[in-house]
Amino acid sequence: MERKKPTARKAAGAKRGRSTARAKAVSKVVVLIATRKGAWLYHGDAARKSWRADGPHFLGHIVNHVVLDPRDGRTLLAAAKTGHLGPTIFRSTDFGRNWKEATRPPAFAKAADGQPGRAVDHTFWLTPGHTSEPDTWYAGTSPQGLFRSEDGGVTWDPFSSINEDPQYRKWMGTVQDGTPDGPKLHSITVDPRDPAHLYFGMSGGGVHESRDRGRTWTAIASGLEVVEGLDASNLAFHDPHCVRLCPSNPDRLYQQNHCGIYRIDRPSNQWVRIGRAMPKRVGDIGFPMVVHPRNADTAWVFPMDGSTVWPRTSPGGVPVAYVTRNGGKTWQRAASGLPQNETWWTVKRQAMAADANDPIGLYFGTTSGELWVSRDEGRHWTRVAEHLPEIYAVEAGRLS
Amino acid sequence: MNVLIPAPLRSYTGQRQVEASGSTLGALLVDLDRRYPGIRFRMINEQDRMRPHIRFFVNGDQVFDLLKSLQSSDEVLIVQALSGG
């Protein structure tokens, strides 16, 4: 079936933090769910009330990310591995009816004789390239590596020099320095105004920016805190969990970090800890960060318990999303419809997303396998699916 | 020589038992990849190391070295090792 291309987001000329331009049309949404045991596609009706499940795809595979290419509205890439088999990328151009494996998945360069070298354990993050580069994709891996495809995801090569750069390797640390299932390169972000302007985050290893298409990179760490007692001048101790650029104001980025919620307004290099305004009993620790597609003052987080031994559960057993509508000066609860007690799941860094409709829809998947949907920007939530495997990632794709 | 393929890799071969050739285990896997593109990388990483939960047996004996010599009469068994939930 032939589908029309989605309307391109208009970024250039948007006013800083104030763009509230209306979406041009209500588009059908497909929610792409990556789980520890496979992938599912949830197709919504025009009202986003009724959902049709399509899956499982790759049953038994560990799927870290499924992304719909917004440039053609039909190409899907899925990052997968199994408990036994090495990592790969699957590609579909017919909404998952058929999948074809990459002929050259992301892989580090072969090390010189006698050197241990690194091996990709899994591809963690997929980002479509700039609209002017229709077949370009970026991938972030565990252990941390940055890769690029220029043929729609069929073949992948190491991108830029960071994978083998001695300084970056120090910042990346070892497997023991990373998150429980491995250190990750994530939040690969392309400036919608300039395909040469890129960002990525590393857990651990900090946030980095390139203005020359990945030839050189500069860390942006000023203002970010690290765990008490560690040296903030060492990027190895920086742990950005999720970084998002605002499409309506590409000079503004939000970040959910291991040590709080931050905002930066470029060209400033100073992050501001806007999570200080969160309620003290909730705190500002979490993993996902979601931005409004048309209003750079609006963003959502999903706090988790980062106290004591880091339970990584909803604080107090009460899951709550929080929203700011003024760039982080104040935060409000967005929890109507969510369980009110004894609920111990949480939401991983890739498992919360927004669509581009008006009002926008919000989506999150839980570690307990539930998919929750809000059709009114987080004011009310409805559970659409339960009993799925642990959800690793949720993306909201836009169909014409 | 005969190569027995474990279930997770049969999406590549379409069958439980296939033919491949090579004077070493490494060469055999290269030939297997020529016949079934992509299958080798699922078993052997980019540093030419066996992936943690893949095991190889030649005539019933476990082999850890890709340079292990093979004869055309050998039987190679590829196994997915137990790796938990």
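**Exercises on a predicted two-chain model**

A:Val63 touches A:Ala34, A:Thr35, A:Gly38, A:Ala39, A:Phe58, A:Ala78, A:Ala79, A:Ala80 and A:Tyr392, leaving out residues up to four places away in sequence; contact requires C-beta atoms, placed from the backbone, within 7 Å. The model is predicted, with local features needing pLDDT of at least 70, side-chain atom pairs counting only at pLDDT 80 or more, and totals for chains, interfaces and linings using all residues. Residues are numbered from 1 along each chain as its sequence is written, and chains are lettered from A and ligands numbered from 1 in the order in which they are written.

**Exercise 1.** Determine which residues have the most contacts inside the largest nonpolar core.

*Solution.* A nonpolar core is a set of buried Ala, Val, Leu, Ile, Met, Phe, Trp, Tyr and Cys residues joined through C-beta atoms within 7 Å. A residue is buried if 20 or more other C-beta atoms lie within 10 Å of its own, exposed if 12 or fewer, and partly exposed in between. The largest core has 101 residues, and those with the most contacts inside it are A:Val31, A:Ile33, A:Val63, A:Ala78, A:Tyr363 and A:Val394. Strand E1 (residues 28-35) of chain A gives the most to this core, six residues. Strands (E, at least two residues) and helices (H or I, at least four) are DSSP runs numbered from the N terminus. Another core, of 17 residues, lies apart from it and includes B:Val3, B:Ala20, B:Ile54 and B:Val76.

**Exercise 2.** Describe the surroundings of A:Thr382.

*Solution.* A:Thr382 belongs to strand E26 (residues 382-385) of chain A. Because it has 14 C-beta neighbours inside 10 Å, A:Thr382 counts as partly exposed. Beyond four places in sequence, A:Thr382 is in contact with A:Gly337, A:Trp372 and A:Val373. Its C-alpha atom is 8.5 Å from that of A:Leu371, eleven residues apart along the chain.

**Exercise 3.** State the strand order of the open sheet in chain B and identify the edges.

*Solution.* Strands pair if DSSP finds at least two bridges between them. The order of the five strands is E2-E1-E5-E3-E4, with mixed pairing. Strands E2 (17-19) and E4 (61-63) of chain B each have a single partner strand, so one side of each is left without a neighbour in the sheet. Within chain B, E3 (residues 54-58) and E5 (residues 75-80) run antiparallel and are joined by five bridges. B:Phe56 stands opposite B:Ile78 in E5(B).

**Exercise 4.** Characterise the contact between chains A and B.

*Solution.* Each side is counted in turn: 15 residues come from chain B and 15 residues from chain A. On the chain B side, helix H3 (residues 39-43) of chain B supplies the largest share, three residues.

Terms used: Two residues are in contact if their C-beta atoms, placed from the backbone, lie within 7 Å.
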